Amino acid sequence: MRDYLEGQLKTAWPELKVVAKAANGLEALRLIDEEAPDVVFLDIRMPGMTGLDVAARLVAGAKPPHIVFVTAFDQYAVEAFEHSAVDYLLKPASLERLEKTVGKLKAALRPSEPAAAAGITAATLQALLQQLGGAAPAAPAPAPSLQWIRASQGEQTRLIAIDEVIYFQSNDKYTSVFLADGESLIRTPISKLREQLDEQQFWQIHRSVIVAARHVAGTRHDFRGRLMVQLKGRDEQLVVSRNYVDLFRQM
């Protein structure tokens, strides 16, 4: 079905670049985090996590992609999608129906269009779950934010208070922890750290970088037009990916 949809997309949207295909919900989340796509097609029924579960995680991010659900639900259930701000495709997607979806997505991706033109909110997902006959899951209690990190620094293991961290940066199989007095390494991936950090105190600015807000001095654009974060008292500057530029609109 994934290959069939990709083939139909090549006809309906020739200039579209398919950057990845996932076999299940967890793989979808990982690939979306790595590739930062503009558009995601999610099957409702996937192993591990449903398409709605994945979408709920995505809409909690700084700048979620435009989401299109692919579903085998009958027409009665599909009405739930039609009455929500969510586009959908009924499997197998006909070329005519797909072309309508592509038209909506192209309109939503135009810079002049409102950012939420093809968007989806957490409230929409909750309502959608209820309309499809499933109770909306209760929001889990927030886990306490990370306070300490055990990291390697040379031959030593160091216990670092989270307040000492200036920024985290993904580094192959490790994550580099940058401090005022040097750099340490931890095995925890950026995606896991993000879940444990206070989002008010630590801002993800790139899929591979999380920076402590209190160490941000300002921003500037480099000669390539990229937004760069300047740090207090440090020479290095950190690239902000386009998915996180909105964090700095007011700066």
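Student: Where is the place of Ala151?

Tutor: Strands (E, at least two residues) and helices (H or I, at least four) are DSSP runs, numbered from the N terminus, and Ala151 has its place in strand β4, residues 148-153. Please keep in mind that this is a predicted model, in which local features need pLDDT of at least 70 and side-chain atom pairs count only at pLDDT 80 or more, while totals for chains, interfaces and linings use all residues. Residues are numbered from 1 along each chain as its sequence is written, and side-chain values use heavy atoms, with hydrogens and water left out.

Student: Is Ala151 buried or exposed?

Tutor: Buried means under 20% relative accessible area, exposed means over 50%, and partly exposed lies in between, with a 1.4 Å probe and protein chains only. Ala151 counts as buried because its relative accessibility is 1%.

Student: Which residues does Ala151 touch?

Tutor: A contact means heavy atoms within 4.5 Å. Not counting residues up to four places away in sequence, Ala151 touches Gln156, Thr157, Arg158, Ile160, Ser184, Leu185 and Ile186.

Student: How many helices and strands does the protein chain have, and which residues of α2 are buried?

Tutor: The protein chain has seven helices and 13 strands. An α-helix has 3.6 residues a turn, so residues three or four places apart point the same way. In α2 the buried residues are Gly25, Ala28, Leu29, Leu31 and Ile32, and these buried residues pack against β1 and α3 (51-59).

Student: Which residues does Arg207 touch, and where is Arg207 found?

Tutor: Arg207 is found in the loop between β9 (202-206) and β10 (209-212), and Arg207 is partly exposed because its relative accessible area is 40%. Leaving out residues up to four places away in sequence, Arg207 touches Asp33, Glu34, Glu35, Ile190 and Tyr244. A polar atom of the Arg207 side chain lies 2.3 Å from the backbone oxygen of Glu34. The C-alpha atoms of Arg207 and Ala36 are separated by 8.0 Å, although these residues are 171 residues apart along the chain.

Student: Is Ser241 buried or exposed?

Tutor: Ser241, found in the segment after β13 (237-240), is buried because its relative accessible area is 17%. Beyond residues up to four places away in sequence, Ser241 touches Ile205 and His206.

Student: What share of the 251 residues in the protein chain is buried?

Tutor: Buried residues make up 39% of the 251 residues in the protein chain. Among the contacts with a separation of 6 or more, 47% are between residues 24 or more positions apart.

Key. Polar contact = N/O pair within 3.5 Å; in protein donor to acceptor, adjacent residues only side chain to side chain.
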